Amino acid sequence: QVQLVESGGGLVQAGDSLRLSCAASGRTFSYSTMGWFRQAAGKEREFVAAVIWSGGGTYYSDSVKGRFTISRDNVKNMVYLQMNSLKPEDTAVYYCAAVRFGGTVTQRAGYEYWGQGTQVTVSS
């Protein structure tokens, strides 16, 4: 099994930066994909970014490309989301997710495991 725990959320002002962390515990698998999704109040959960564990290839939604950076640490089994130039519209609960064998990594249905989420609030 794989268990995911997010941390690093908080309350910041527009233009500030945050780094979210996701720790993977239990058994982890080679060639897996990990991603970040977010869900704002009253809206559906949407894709933010993903990284292929082996090789480090990345994917981003158009709304965050150029501002957010996803990365992974193969030794610590952690994935990070560096968020710069934050906007009020980035306010949401952020979730990390993982899948063992790959799939449609930009879609919610492509993932098997989910964390509980961490709140990010950006004031104007």
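Analyst: Leaving aside neighbours within four places in sequence, arginine 67 is in contact with Gln82, Met83, Asn84, Ser85, Leu86, Lys87 and Asp90. Contact here means heavy atoms within 4.5 Å. This is a predicted model, in which local features need pLDDT of at least 70 and side-chain atom pairs count only at pLDDT 80 or more, while totals for chains, interfaces and linings use all residues. Residues are numbered from 1 along each chain as its sequence is written, and side-chain values use heavy atoms, with hydrogens and water left out.

Arginine 67 sits in the loop between β6 (58-60) and β7. Strands are DSSP runs of E, at least two residues long, numbered from the N terminus. Is arginine 67 buried or exposed? Arginine 67 counts as buried because its relative accessibility is 12%. The cut-offs are under 20% relative accessible area for buried, over 50% for exposed, and partly exposed in between, with a 1.4 Å probe and protein chains only. A polar atom of the arginine 67 side chain lies 3.0 Å from the backbone oxygen of serine 63. That is a polar contact: a pair of N or O atoms within 3.5 Å, where, within protein, one must be able to donate a hydrogen and the other to accept it, and residues adjacent in sequence count only if both atoms are side-chain atoms.

Now take aspartate 90, one of the contacts of arginine 67. Aspartate 90 is in the loop between β8 and β9 (92-99). Its relative accessibility is 0%, so aspartate 90 counts as buried. The aspartate 90 side chain reaches the backbone nitrogen of lysine 87 at 2.8 Å. Not counting residues up to four places away in sequence, aspartate 90 touches Arg38, Arg67, Phe68, Ser85, Val120 and Val122.

With 43% relative accessibility, serine 85 counts as partly exposed. Its phi is positive, near 50°, in a residue other than glycine. Most residues other than glycine have a negative phi.

Next, the sheet. Four strands make an open sheet in the order β1-β3-β8-β7, with antiparallel pairing. The edge strands, β1 (2-7) and β7 (68-73), each pair on one side only. The twist averages 15° from one strand to the next. Two strands pair if DSSP finds at least two bridges between them. Axes are lines fitted to C-alpha atoms, and angles run from 0 to 180 degrees between N-to-C directions.

Start with β7 and β8. Six bridges join these antiparallel strands. Serine 71 stands opposite tyrosine 80 in β8. Their hairpin has four residues between the strands. Asparagine 77 lies in that loop and has a positive phi of about 55° although it is not a glycine. Asparagine 77 is partly exposed, with a relative accessible area of 23%.

On to β8 and β3. Six bridges also join β3 (residues 18-26) to β8 (residues 78-83), again antiparallel. Leucine 20 faces leucine 81 in β8, and alanine 23 stands opposite methionine 78 in β8. β8 is mostly covered, with five of its six residues buried.

Then β1. It pairs with β3 over six bridges in the antiparallel sense. Valine 2 stands opposite glycine 26 in β3. In a regular strand the side chains alternate between the two faces of the sheet. In β1, Val2, Leu4 and Glu6 form a covered face, and Gln3, Val5 and Ser7 an uncovered one.

Last, the core. The largest nonpolar core has 27 residues, and Leu4, Trp36, Leu81, Met83 and Tyr94 touch the most other members. Such a core is a set of buried Ala, Val, Leu, Ile, Met, Phe, Trp, Tyr and Cys residues joined through side-chain atoms within 4.5 Å. β1, β3, β4 (33-39), β5 (46-52), β7, β8, β9 and β11 (118-123) each supply at least two of its residues. A second, separate core of seven residues includes Ala50, Val99, Val105 and Tyr111.
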